[in-house]
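Thank you for making time for this.

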Amino acid sequence: MSNKIFVIVVTFNGMQWIEDCLNSILNSAVSSTVIVIDNCSADGTVEFIERNFKNVLLVQQNKNLGFGAANNIGLDIALEKGGEYFVLLNQDAYLKEDTIGLLVEQMQVNPEYGVLSPVHLNGQGNRMDLLFQTYVTVNNCKDFYSDLFLKKDLKNIYDVSFVNAAIWLLSKKTLQNVGGFNPYFFHYAEDNDYINRCQFKKLKIGIVPKSVALHDRNVSERRLTLKTFVNINDVKLLNPNNSWTVNKMLKFILKKILLSILLFNKRDFAYNFCYFTKTLKKYKIVKKLQQEGMHNEYSFLLYRKVRNE
């Protein structure tokens with residue numbers, strides 16, 4: 001089975017993490033094939049991998065394709081090589097020795113899950129990742145905190161409505177049903193979109209509590225940029241599980257603009273006005289995506305096209 005497991009790492013100027021990241025994969029109890037897709041790093045990441053990790057399959061890009069499109073290239077390669085299970089791992093994330101094995105074990109006996117994730121700790125491993133804590137609250141992940149507090153035997157899997165793609169396990173079945181990431185999203189919210197499409201295909205999203213990994217990021221430094229704000233709203237727009245349309249979205253944003261004017265809220269006005277103008281500019285693009293059903297699923301031919309471009 002080990003030759004059917006592939007770990008895909010997308011890198012972009014990741015020198016501060018890449019050694020620990022790749023070593024954590026190579027030190028796993030379950031062996032796997034490692035594919036690194038480098039998005040045109042300029043900090044020596046590529047040269048470091050070539051010099052120190054000769055068994056890693058390194059695929060260099062001549063430009064930054066973004067997170068989703070780069071992962072699609074890795075998934076494409078892994079499928080061509082006979083992959084059955086695919087771990088998507090951020091360059092700033094590290095696996096424990098048993099992380100992969102526990103995830104694959106649960107995916108094998110629970111094929112109704114489209115995505116499985118370990119528990120995300122911070123980079124030091126001394127507490128739960130701050131944003132991950134929001135994914136397992138009572139509204140998003142029934143009984144997880146309750147079972148922890150009451151010291152009950154934890155379930156093998158806890159269903160969640162969302163978990164970010166820093167450490168995901170996908171199966172071949174998931175890719176056959178859902179496809180790859182939507183290249184419409186360059187960076188941020190592509191995982192929200194993917195989970196929406198999994199749910200549309202009646203595939204569950206789960207956390208495996210016995211499986212643990214580290215995500216070495218500074219959450220306090222995150223900022224809601226305009227691009228992130230636009231992506232989050234586009235996820236709503238392209239969500240196949242609801243009835244949003246472009247016209248409804250524009251009307252919704254107009255109402256928020258008017259409300260921000262009435263409340264003299266300059267920040268909300270700036271966000272919503274910018275998003276409204278950007279949505280108008282890409283109106284035809286979004287309508288084309290909807291008409292072609294591309295908000296529902298993506299064939300591998302789609303991201304092979306992205307790869308060739």
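**Salt bridges in the model**

The side chains of Asp-143 and Lys-155 meet in a salt bridge, with N and O 3.6 Å apart, the term being used here for a side-chain nitrogen of Lys or Arg within 4 Å of a carboxyl oxygen of Asp or Glu. This is a predicted model, in which local features need pLDDT of at least 70 and side-chain atom pairs count only at pLDDT 80 or more, whereas totals for chains, interfaces and linings use all residues. Residues are numbered from 1 along each chain as its sequence is written, and side-chain values use heavy atoms, with hydrogens and water left out.

Asp-143 sits in the loop between α5 and α6 (144-149), and Lys-155 in the loop between α6 and β7 (158-159), so this pair ties together parts that are 12 residues apart in sequence; helices (H or I, at least four residues) and strands (E, at least two) are DSSP runs, numbered from the N terminus. Asp-143, with a relative accessible area of 30%, is partly exposed, and Lys-155, at 38%, is partly exposed as well, where buried means under 20% relative accessible area, exposed over 50%, and partly exposed in between (1.4 Å probe, protein chains only).

How many salt bridges does a search of the whole structure find? The search finds 3. Another of them joins Asp-129 to Arg-217, whose closest N and O atoms are 2.7 Å apart, and both of these residues are buried.

Finally, Arg-197 and Asp-193 form a salt bridge at 3.2 Å, N to O, and both lie in helix α8 (residues 190-200), 4 residues apart, about one turn of the helix. Arg-197 is buried, with a relative accessible area of 0%, and Asp-193, at 1%, also counts as buried.
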